[in-house]
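Reader: Hi! Could you walk me through this one, starting with the words you'll be using?

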Amino acid sequence: MQIFKNPNFNFIRWRWPALALSIAVILAGAVLMATQGGLPLGIDFSGGTIVVVKFDQDVTEDQVRQSVAGVSGEVGVQQFGAPEDREWLIRLPQTLSDEQGASLEQGSQQIEAALRQAGLPSFEVINREIVGPVIGADLQRRGIYATLASLVAITLYIAVRFRFSFAVGAIAATFHDIFVTLAFLMFFGYELSLNVVAAILTITGYSVNDTIVVFDRVRENLRSMRRDALEQVVNTSVNQTLARTVITAGTTFFAVLALYLFGGDVLRGFAFTMLVGIVSGTYSTVFIASAIAIILSQRRRPSAAPVAAARPETRPGRKARGARAS
Amino acid sequence: MNKNLRWRGLTILAVIVLSVWAFYPPAEKVNLGLDLKGGVHLIMRVQTDAALRIETETTVERLGEGLARAGVQYAKLEVTSPTEFVVEGIQSDQAFRQASIEADTIFSRSPGAGRYTYTMRPIISNQLREEAVSQALQTIERRVNELGVVEPIVARYTQADQILVQLPGVTDVVRAKEIIRSTALLELKIVEMGPFPSQEAAQQAYNNNVPPDLEVVPGSEDVAASGGGTPATVYYVVRRVAPITGRDLRNARPSLDENSLPAVGFSLNQDGARRFGQLTEQSIGRQLAIILDSRVVSAPVIQSRITDEGQITGSFTQQEAQDLSLVLRSGALPAPMDFLEERTVGPSLGAESIRAGVTASVGGLTLVVFFMLFYYRLAGFNALTSIVVNLMILLGMMAYLGATMTLPGFAGFILTIGMGVDSNVLIFERIKEELGTAKGVRAAVNAGFDRVWWTIVDTHVASLIGALLLLNFGTGPIRGFATTLIIGLASNVFTAVFVSRTIFEVLLSRRAQLQTLSI
């Protein structure tokens with residue numbers, strides 16, 4: 001069985017509209033972020049308090065909200081998990097008085113005391129997260145470093161294994177995926193938590209992974225299609241790997257969808273980020289990575305693209321690998 | 001060829017058996033993270049500045065005594081920061097320098113005359129900070145062990161002065177935190193004057209000029225109440241230097257006082273007992289202040305010479321008496337602690353998370369398996385086998401390495417399934433393509449695996465780079481995710497290429513003239 005019988009779509013022709021669409025999505029996300037003062041940070045990064053309580057009888061959101069209304073600061077209340085679990089998440093952002101480490105637990109103590117005095121059914125605290133400003137700032141810094149370092153390391157790897165313009169194409173596609181994912185997190189009101197950053201780092205791996213499969217094929221085809229223009233070679237390669245791209249993206253998407261549906265509230269942000277990243281990663285492999293690799297190759301050799309494409313691999317090591325394959 | 005295949009088959013079988021042996025039974029062999037089994041995760045900072053301030057204050061005290069002995073006149077001698085003090089209005093520079101030689105080993109003196117600023121040498125201050133943190137680590141470790149927590153973690157955290165404490169299964173967080181946090185600095189001092197109803201009253205008793213070797217210490221409200229007065233904070237004047245401290249303790253345990261109320265009994269080591277004997281003999285009829293973390297807990301009148309046994313009374317509950325003896329036994333913290341982060345997961349939420357993680361993993365695997373069988377027919381079994389073997393190796397390696405399974409770790413499982421499918425799809429699609437070129441089934445299979453090999457290497461290395469940095473970035477749960485992903489990626493290269501290829505070749509060797517392939 002085959003999804004596509006000898007597919008021959010002209011993906012490269014769509015590169016400009018595709019770029020425009022991507023830029024539009026990213027810009028929309030950026031504008032929304034700018035107007036709302038940046039992506040909302042979870043307490044992992046901003047510092048603050050989260051208390052999840054489980055009541056032994058039903059309570060309404062209003063009851064919970066009213067009982068914690070007296071706690072100083074902007075208290076957030078939301079249902080956690082399925083309604084029949086009777087679990088509620090109460091969130092308190094970092095306040096200035098929390099700067100002193102000793103009073104860090106004040107927020108959670110106030111919340112728990114307020115709930116106890118409100119005459120609600122009895123409850124137990126099933127989860128308590130208190131993050132001080134020091135740790136939050138530290139995690140922010142490390143999250144940014146880790147993302148940048150992984151991008152640099154992957155760029156270097158591709159530059160060594162392929163050629164520089166491909167590395168730029170792959171990394172541009174990865175940035176594209178990160179920005180599109182951030183935009184969608186913004187659209188759907190998710191906040192940046194540790195798990196979401198982990199998902200974004202995974203997306204960088206996944207996105208590059210997808211791109212490498214196409215580029216590997218381009219490298220191989222550059223040897224057999226010496227007379228064709230680079231655009232043609234890339235387009236053929238994208239088409240040849242299309243079945244794999246779609247099947248892999250599809251299966252991974254459905255596997256992560258299972259995580260999104262059944263993995264519980266703790267992993268929902270993670271799963272959502274992965275879902276967006278998988279779709280965006282697939283799209284960017286087909287439209288963005290190849291397009292940028294072509295555009296960059298042309299700019300550097302404007303007159304002789306076909307000739308240049310005919311002799312791209314000059315290092316003996318690569319030839320040897322090609323020979324091994326046939 | 002057949003012999004070669006047999007070896008390959010045996011290798012695969014051995015790997016499977018080893019893996020299953022490593023993780024069976026999974027409930028015992030696979031470590032669960034705090035987010036799955038419940039417990040407390042704390043990050044604390046040692047206030048190393050406080051330890052430095054103590055050093056600076058001691059130096060200043062000694063310098064003051066030395067200057068007084070040598071008869072050197074000065075106007076002011078004052079600690080200005082944890083690592084700095086100033087001396088002003090010195091009459092004779094030469095005499096001062098001679099008398100202050102001792103301070104020079106730890107502090108560097110500013111140039112000039114008549115007025116000096118002393119700054120602690122960086123080597124010394126770094127060493128002191130380091131010592132404070134490692135002492136705190138050891139003390140906390142002792143306390144946690146005494147709490148009876150199974151498999152606790154007490155370790156340094158990223159920054160030099162931060163300590164990570166993980167207590168699996170602990171649900172009474174408030175108590176655990178109190179025990180870890182309490183400085184537990186015990187001092188026994190003779191009361192010079194007091195009690196006074198207020199700090200001002202204490203100072204007025206000395207005409208507002210308390211000698212530098214004495215200090216005013218607040219007492220707990222209970223001290224006054226137990227003396228028949230109304231509960232209010234009272235103040236005592238005691239000597240600054242404590243003759244007996246917590247370091248002289250041999251043991252501490254909960255006991256009962258004469259009214260059968262919970263108290264803490266302690267015994268002193270030999271050296272401490274000798275000094276305590278001398279002290280109490282000289283001070284019969286005076287009050288002994290038992291000071292815990294700079295508060296007088298009780299101030300009994302010394303009736304007779306006491307050597308090695310003593311009792312701390314106060315209005316303790318049984319639990320408090322128990323906890324106090326625990327922290328006294330484990331020694332004082334070198335400096336107070338700040339809490340920076342606390343994450344508590346109740347056992348019910350942990351169990352819920354395990355259920356959710358397993359459901360999601362099984363759901364994801366089922367979806368993928370159905371698709372592969374539907375789309376690739378017989379070759380789908382091949383993919384299924386390599387994915388299942390991959391998951392077995394993953395579990396086995398995690399158990400073997402003692403890696404921790406966390407909730408995000410389940411996501412790592414699912415992504416490993418995804419990567420496994422990807423490699424299989426990559427190979428199968430290539431074989432299909434090669435089948436189209438009519439070179440025969442065997443050639444197509446060989447070409448499919450060979451051509452895709454470097455693609456698989458490249459994709460796995462790229463993903464591995466991301467996962468390794470994630471390992472470096474993350475805390476507990478995220479590290480679990482990264483570990484799972486890294487092991488999964490490594491074993492996937494083995495299963496998707498070696499295992500899957502062996503299965504194909506077994507199929508091909510059975511029927512030499514295979515014309516079609518169910519793929």
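Author: Happy to. Helices (H or I, at least four residues) and strands (E, at least two) are DSSP runs, numbered from the N terminus. This is a predicted model, in which local features need pLDDT of at least 70, side-chain atom pairs count only at pLDDT 80 or more, and totals for chains, interfaces and linings use all residues. Residues are numbered from 1 along each chain as its sequence is written, while chains are lettered from A and ligands numbered from 1 in the order in which they are written.

Reader: Thanks! Where does B:Arg377 lie?

Author: B:Arg377 is part of helix H12 of chain B, which covers residues 347-401. Its phi is near 50 degrees, a positive value in a residue other than glycine.

Reader: And how many other C-beta atoms are within 10 Å of B:Arg377?

Author: There are 14, so B:Arg377 is partly exposed. For the cut-offs: a residue is buried if 20 or more other C-beta atoms lie within 10 Å of its own, exposed if 12 or fewer, and partly exposed in between, with C-beta atoms placed from the backbone.

Reader: What about B:Ser294, buried or exposed?

Author: B:Ser294 counts as exposed because it has 11 C-beta neighbours inside 10 Å. Its phi is positive too, about 65 degrees, although it is not a glycine. You'll find B:Ser294 in the loop between strand S15 (288-292) and strand S16 (295-298) of chain B.

Reader: Which residues does the cis peptide bond join?

Author: B:Tyr24 and B:Pro25, with omega about -5 degrees. B:Pro25 sits in the loop between helix H1 (2-23) and helix H2 (26-29) of chain B.

Reader: Zooming out, how is chain B divided into domains?

Author: Into domain 1 (2-37 + 346-510), domain 2 (39-181 + 336-345) and domain 3 (185-329). The bounds come from an automatic or database domain assignment.

Reader: How many residues of domain 1 of chain B are in contact with domain 2 of chain B?

Author: Seven residues of domain 1 of chain B are in contact with seven of domain 2 of chain B, contact being C-beta atoms, placed from the backbone, within 7 Å. On the domain 1 side, helix H3 (34-37) and H12 of chain B each supply at least two residues. H3(B) gives the largest share, three residues.

Reader: How far apart are the C-alpha centres of those two domains?

Author: The centres of domain 1 and domain 2 of chain B lie 51 Å apart.

Reader: Last one: how many helices and strands does chain A have?

Author: Chain A has twelve helices and four strands. Of its 326 residues, 48% are buried.

Note on methods: Contact = placed C-beta atoms within 7 Å.
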